[in-house]
Amino acid sequence: MKRKRLLALFVGGVFIAAVMSLHRMLEQGAEPQQEAPAGQGDQDLSRLAQKIDRLERLLSDNNRLVATLRDSLLHPKGDNRGGANVSSAHSPADPLPGCRLADETKGGADEVQLLDVYDRLPFDNPPGGVWKQGFDIRYQGDEWDETPLEVILVPHSHNDPGWLKTFDNYYHDQTKHILNNMLTKLSEDSRRKMIWAEISYFSKWWEELDQKKRDTVKRLLAGGQLEMVTGGWVMADEANSHYYALLDQLIEGHQWIQTHLGLKPSSGWAIDPFGHSPSMAYLLKGAGLSNMVIQRVHYAVKKEFARQQTLEFKWRQSWDSSPLTDITCHMMPFYSYDVPHTCGPDPAVCCQFDFHRLPGGRVFCPWRVPPQPITEQNVQERALLLLDQYRRKSRLFRSPVLFVPLGDDFRFVESSEWDAQFRNYQRLFDFFQTHPELHVSARFGTLSDYFQALQKVLPVSSLPTVRGDFFTYADRDDHYWSGYFTSRPFYKRLDRTLEATLRATEILYSLTLAAMRSHGDGRLATGFPAQDHFLLLTAGRRSLALFQHHDAVTGTARDPVVMDYGNRYQQGTLLESIQKLRKVLQSSAHWLLLLDKSQYHHDQSKPFLLTDDVMSAQDALPQKTKITLSEEPRILIVYNPTEQIRSSVVSVVIDSPDAQVIDAETGRPMAAQISAVWAEPSRASTDSFQLDFLSELPPLSLVVYHVTRSSSGSAPRARYTFHRRGNPPTIHSEHFQMFRPQGPEANAPLSLSNKHVQIWSSPETGLMQKLRLRAGSEHHVQVHFLWYGTRTGANRDKSGAYLFLPGEEGAQVYRLTDSSPPLPPQVYRLTDSLPLPPQVYRLTDSLPSPLRCTEPPLVRVSRGPLYSDITSCLRHVTHTVRLYHLEGHAGRSLEISNMVDIRSQVNRELVMRIVTDVASGNRFHSDLNSFQMQQRRTLSKLPLQANFYPMTSAAFLQDAETRITVLSAQSQGVASLRPGLGQGVTDNKRTSSLYHLLLEERRGGQEVGGASVEHLSLLAHLTSLSLSHPPITMVAPVDVQVPKLRPFLPLRSSLPCDLHLLNLRTLEDPQVDLAAVFAPLRFSALRRSGLTMLRHDDEPQSARQQQTRIISLRPMDISAFRVEIQ
């Protein structure tokens, strides 16, 4: 979309509702109302009632206007062809009615656009001397005569919540000893300091402390000796994580800190995520942080920033023309965050000042020059050697204040290390202090100490501005860390399933508590386990939060650790968390649906509702539960977790080939179709059948349906056609029509179509070849599968969980048959070994030797009234393209699903490539954390693996007339090595992946800071939301007596189509009234707060607004408010 805005609403201090507003904001002219003085009685109440009535009218008018706009976009008429593309369908001279456009902006003279940096850099990596990836740093010696060098040494320990060991093993073996020693050693000397980041560990340790030790922790925090940095549950990955999960783990950590420690973080600390996203910077700024530190940035970019003295900068969002989203960022200049790479450019020297490596210990310096204990005899020589490194490093920055970390992974475990580090460094610092002619002072400090000292000598306004992201990361040579974008895709998919389940449960639980208090005169329903459910919610939050760790969702932890994420006792497995959240969801739905609330009875052993699928193990795909039908209606409940009315096809498995679905409230039959459940590619089950029906779901609703066994032919059945060259399949089915075309019909292209889209696929492979909008032009859009091998040879690094190091042969075509047809002439060749050419090529014989299947693929085509699809049954992947026969956005996209099984393969990665004739040049866009789109440029000067980027949920190619968008239900890597998109798939588990593909017409665009700023279209955004938050189906057990139910409809109408309800989150106390929060919204007062809802960030009481509307939303903003509900 052209603009995106986010609004977070923290209701009554107990609930959080976050709403994302996309595209543009409708103008609303009323000004904020001032707080009325006390004591005006009935007159004020009357005045307030008038304002509420006016709000209701404004909301109604606003919804009607935006609904009209949405309908005009989703159902175009006349010349508005090819679907809605809000991001580019209107030029600034032709604004949409009732909307305003953000001003187009250009960057200033002191602005750095990372896309331009990549274009400019040669990436030649010449030897840099002692700083291998840099250059020789020199100084005169008099640079600090007027302003002495001020060194702040920041002790830290980086504690991964799972990597080589499990979370619990790390905690018991190392982390708790670090924290226990911290209490003792910091208390011994007030000059000693330390920072801590991972709240998941800190909270576990806190539970074991007695009150005296807890008081000591608070004293150290209050005295500035200990600082909590970032304050997230984990140090999150920034490539694969959705912004919902990033924010949720930040909220979980910040809420814990506020509750138990009574403070808030001010600085971010991200030294180990494998690349950095501006989305995370935005969230940190919105949560009240002012500064941050990052480390893992491409070594060539670090070198360039060091030369230009831009290692400290204001990180600005790509869409923003103002400094409101800026956050001060410090980029570490050298290879790593360990001691040898942080004191200065020469690791051989810096290692000598890591006193944990003193002779006789278990850790040593690989440069074979060990540290020396600091004594009176050697202190001068040692101090001058260290000062030389400090001075050289300081020449890379614009200020005389120097930040030097002191730490590494799991440091300060033993008390002896504390003593060695602090005592020896203090002797060096004391020497500096007694020799003013050196013009240097040094001390232990925290991040806050450093940034406060920096800003005294270098105002933030003087720092350069940087736009863009820091992907794809390389630490040396051609070692690009793009492998983790797709490592363990099974768990990446499970992560998003947990995320969607958590959000859906949070919203329904919060609405249930509000409805209970409204229904029960402020009391919760008798027997409703609100506190138990809140504990399950908290466990689910923490399970999702823990998995955002940069060695968890990335897939880079060892196998036993990954299994542990699935079998944790305290914080729960991913699977266990999903199951527990479903219990909360089912119990909440149970109460909301009852017509007679007094009939509510909670029995954990016999739940009133069950979800319609089960996962037998944490590494198994979900399986649909077969529903037994009879003449008596079975109750189906469908929950719509989105804020938009939607028409969705709901699928359940039943035991009868004939069934009927009716809306329980209206008695209206629902459109349905019966499809086969395939036991094998050409053998249909004889006792299980798939019932698909069209469900019309109001926003955030629970809708009741009755399903019964019916007479033969009551629901249309899908019809099937099978294709396979040379070896016709044997088809087994007794309930469905099956066809095997003969003669010329067998060679005709396969075609599917609805009112909006038509596709053509190969009859030999079933893979898509062409796509046409019914009201637009036809395009080549082809699907191919390719293999990537890895490097061979002794002593050569190979692809792994972190790195993608493909073999020299490049991509190999997954050849389906020996007679696969060539590509059309107007398509670029598929080899990856050449730079992107400006002209068009035909497929030639120079392709690497293809991999062939042992027999031609089986192609199965199904046609029905609700959807039709084409399934290609290949050896390693079952690929399906489905087209829904629906109105709205659901009918305008293609659903693509892949069931991948490459467990038999070693050192190979499977890639789906979508090849198009869209003239995108070397540019495409991929999303960052599902929050914003980032332009990418495929550069021939970089190796193949460097041109892969993270794709959390979306990517698109476009030219002046056409955009092709791929939307994903899971994160992966994406590249555009030729005119097309490729997504990698690799795992040792059978894995399902799901996509939607959109073809849209477009025109226009906007530039900010010298780079094109593009957004998903409104159509793509709504499609992505539906993909990420599918309807949830629940069924009443067959042996349960069902009382009278009625649908739950919390909203009178959809929220405006450019608003997304991010969450409605119960914060602490479930005993709260949220009556009529949505139907209609009645806010008696509101105060702006920070994204993580810390009271430190609240506006003062005088800023409370006696009004019932929220105003002044900026494009792309996430804003948070405490709201009092009337």
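**Figure 1. Accessible surface and overall make-up of the predicted model.** The protein exposes about 41,100 Å², of which carbon and sulfur atoms supply 49%; accessible areas come from the Shrake-Rupley method with a 1.4 Å probe, and for residues only the protein chains shown count as cover. This is a predicted model, in which local features need pLDDT of at least 70 and side-chain atom pairs count only at pLDDT 80 or more, while totals for chains, interfaces and linings use all residues. Residues are numbered from 1 along each chain as its sequence is written, and side-chain values use heavy atoms, with hydrogens and water left out. Of the 1126 residues in the protein, 64% are buried (under 20% relative accessible area, with exposed meaning over 50% and partly exposed in between; 1.4 Å probe, protein chains only). The protein contains 18 helices and 52 strands; helices (H or I, at least four residues) and strands (E, at least two) are DSSP runs, numbered from the N terminus. Among contacts (heavy atoms within 4.5 Å) between residues at least 6 apart in sequence, 75% join residues at least 24 apart.

Figure 2. Eleven of the eleven residues of helix α18 (residues 1018-1028) are buried, so the helix is largely enclosed by the rest of the structure. Among these buried residues are L1018, H1021 and L1027. L1027 and A890 are 137 residues apart in sequence, yet their C-alpha atoms are 9.8 Å apart in space. A890 is found in the loop between β36 (877-884) and β37 (894-900), and it is buried, with a relative accessible area of 19%. Leaving aside neighbours within four places in sequence, A890 is in contact with S647 and Y884.

**Figure 3. Strand β4 and its two parallel partners.** Nine of the ten residues of strand β4 (residues 149-158) are buried, so the strand is largely enclosed by the rest of the structure. Strands pair if DSSP finds at least two bridges between them. Strand β4 runs parallel to strand β12 (residues 440-444), to which five bridges join it; here E150 has S441 as its bridge partner. Nine bridges link β4 to strand β11 (residues 401-409), also in the parallel sense, and H158 is bridged to D409.

Figure 4. Strands of a sheet pair through backbone hydrogen bonds, either parallel or antiparallel. Five strands form this open sheet in the order β16-β49-β20-β25-β22, with antiparallel pairing. The edge strands, β16 (610-611) and β22 (659-663), each pair on one side only. Between β20 (residues 634-639) and β49 (residues 1032-1035) there are four bridges, and V638 has T1033 as its bridge partner in β49. Helix α16 (residues 574-593) lies across β16, β20, β25 (702-709) and β49, and runs at about 90° to β25; axes are lines fitted to C-alpha atoms, for helices over the stretch in contact, and angles run from 0 to 180 degrees between N-to-C directions.

**Figure 5. The aromatic pair of Y788 and F948.** Rings of Phe, Tyr and Trp (its six-membered ring) pair if their centres lie within 6.5 Å; planes under 30 degrees apart count as stacked, over 60 as edge-to-face and the rest as tilted. By this rule the count comes to 50 aromatic pairs. The ring centres of Y788 and F948 are 6.3 Å apart and their planes stand at 85°, so the pair is edge-to-face. Y788 belongs to strand β31 (residues 778-790) and F948 to the loop between β40 (932-937) and β41 (949-951), 160 residues apart.
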